[in-house]
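Let's take a walk through a protein model together. Have the sequence and the 3D view ready, and follow along one feature at a time.

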Amino acid sequence: MRRVSTEVKIVFVTIAILLLLPTFAVVVFAASGASLIGDAVAYLNPVTRLIELFDPNGNKIGEVELTTNWPVRGYVADEFGTHGDWRQKLGLGLHSGIDIANSVGEPVTPFLEGTIVYNDDTDDSSCGKSVKIQHEYNITSTYCHLDSTAQIPLASVVEPGDVIGYLGDTGTSTGPHLHLTITVYGILVNPRTFLEGNPESPDYNGPTF
C-alpha cells in the first residue's frame, strides 16, 4: 500500500513539474533579454556583414546591408530587452526597442527606405505621436514619442535623410527621446541588428534618464 502511495506521489510531482515548465521557460526567456526569437528572423552574418532575413517558418527571404543611418542624433538612453526597476514600477514589460535621447525638436528620419503606413499626430497612447514605416522583407519600423509628425501622406516612399517627424516627449516617456521599434513579420528584433555603431552625438549636454 505504501509503495502505491509513493508511486502516486511521484506521478503528481511529475505532472506538477510539467505544468510549471512553460512558466519557467518564460522566466528564462525574459532574463535572456528577449533576443532569441528576434535572432530567428534577422541575423547578422559575421562573414558577409549582411543581415539575413527569414520568415517564421525558417525560410530565408532576403538580405539587407548593415547601416549607419541612425534615425536621430543623440545618445542611447535604454537598450532593447531591458527591464529595470522603473519599468517594473510602471507595470511595463521588457523594452521593445531602443531609446535615443536628445532635445525636443531634433529631426527624425527612417533608418531604411520604406513606405509610410501610419501617421499618428495625437498623443493618446503609450507610444505618443508616432510614425510607422513598412520596409522590404516584412520589416516594419515605428518611431514613438514624437513632438510632431511631418504629416507625410500615407503610401509615400521615404528614405534615410527624409524628415518624418521631430523628437519629443509624448506618450509614456521619462524624458525627450525617440523610441525605435523594429519588427520582422511582427516579431520584435533588436534595432542594433540593423544599425552599426551609435547615433551621431547630440548638440546638448542634457541629463540622462
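## Before we start: buried or exposed?

One idea comes up again and again here, so let's settle it now: a residue counts as buried when its relative accessible area is under 20%, as exposed when that area is over 50%, and as partly exposed in between. Take E52: its relative accessible area is 12%, so E52 is buried. K60 comes out at 45%, so K60 is partly exposed. P56 has 57% relative accessibility, so P56 is exposed.

## The model as a whole

Keep in mind that you're looking at a predicted model. The average pLDDT of the protein is 83, and 76% of the residues score at least 70. Residues 1-33 are another story: pLDDT is below 50 there, and the stretch has five contacts in the model beyond near neighbours in sequence.

What is the protein built from? It has three helices and 13 strands. Of its 209 residues, 37% count as buried. Now look at contacts between residues at least 6 apart in sequence: 62% of them join residues at least 24 apart.

In soluble globular proteins, nonpolar side chains tend to be buried together. In this model, the largest nonpolar core has 29 residues, and those that touch the most other members are L53, V108, I139, Y143, I164, V184 and F194. Which elements give two or more residues to this core? They are strand 2 (50-54), strand 5 (98-101), strand 8, strand 9 and strand 12 (177-184). Strand 12 gives the most, with four residues.

## One disulfide

A disulfide is a covalent bond between the sulfur atoms of two cysteines. How many does the whole structure hold? A search finds one. C127 is joined to C144, with 1.9 Å from S to S. The two cysteines are 17 residues apart: C127 sits in the loop between strand 7 (114-120) and strand 8 (129-134), while C144 belongs to strand 9 (residues 139-149).

Both C127 and C144 are buried. The torsion about their S-S bond is about -90°, so this disulfide is left-handed.

## Salt bridges

Side chains of opposite charge can pair when their charged atoms come close. This structure holds five salt bridges. One of them pairs E52 with K60, with 3.8 Å between the closest N and O atoms.

Another salt bridge runs between R73 and E106, whose closest N and O atoms are 2.6 Å apart. R73 is in the loop between strand 3 (60-65) and strand 4 (75-78), and E106 is in the loop between strand 5 and strand 6 (107-108), 33 residues apart. Are these two buried or partly exposed? R73 has 24% relative accessibility, so R73 is partly exposed, and E106 has a relative accessible area of 10%, so E106 is buried.

Then there's R192 with E79, where the closest N and O atoms are 2.9 Å apart. This pair links distant parts of the chain, 113 residues apart: R192 is in the segment after strand 13 (187-189), and E79 is in the loop between strand 4 and helix 3 (85-89). R192 is partly exposed at 26%, and E79 is partly exposed at 30%.

## An aromatic pair

The whole structure has one aromatic pair. It's made by F111 and F194: the ring centres are 5.7 Å apart and the planes meet at 65°, so the pair is edge-to-face. F111 lies in the loop between strand 6 and strand 7, and F194 lies in the segment after strand 13, 83 residues apart.

F111 and F194 are both buried. You've met F194 already, as one of the core residues that touch the most other members.

## A last stop at P56

Finally, find P56 in the loop between strand 2 and strand 3. What is the distance in space between P56 and V41? Their C-alpha atoms are 6.8 Å apart, and the two residues are 15 apart in sequence.

How values were computed:
Residues are numbered from 1 along each chain as its sequence is written. This is a predicted model: local features need pLDDT of at least 70, side-chain atom pairs count only at pLDDT 80 or more; totals for chains, interfaces and linings use all residues. Side-chain values use heavy atoms; hydrogens and water are left out. pLDDT is the predictor's confidence in each residue, from 0 to 100. Contact means heavy atoms within 4.5 Å. A disulfide is a pair of cysteine sulfur atoms within 2.5 Å. Buried means under 20% relative accessible area, exposed over 50%, partly exposed in between (1.4 Å probe, protein chains only). A nonpolar core is a set of buried Ala, Val, Leu, Ile, Met, Phe, Trp, Tyr and Cys residues joined through side-chain atoms within 4.5 Å. A salt bridge is a side-chain nitrogen of Lys or Arg within 4 Å of a carboxyl oxygen of Asp or Glu. Rings of Phe, Tyr and Trp (its six-membered ring) pair if their centres lie within 6.5 Å; planes under 30 degrees apart count as stacked, over 60 as edge-to-face and the rest as tilted.
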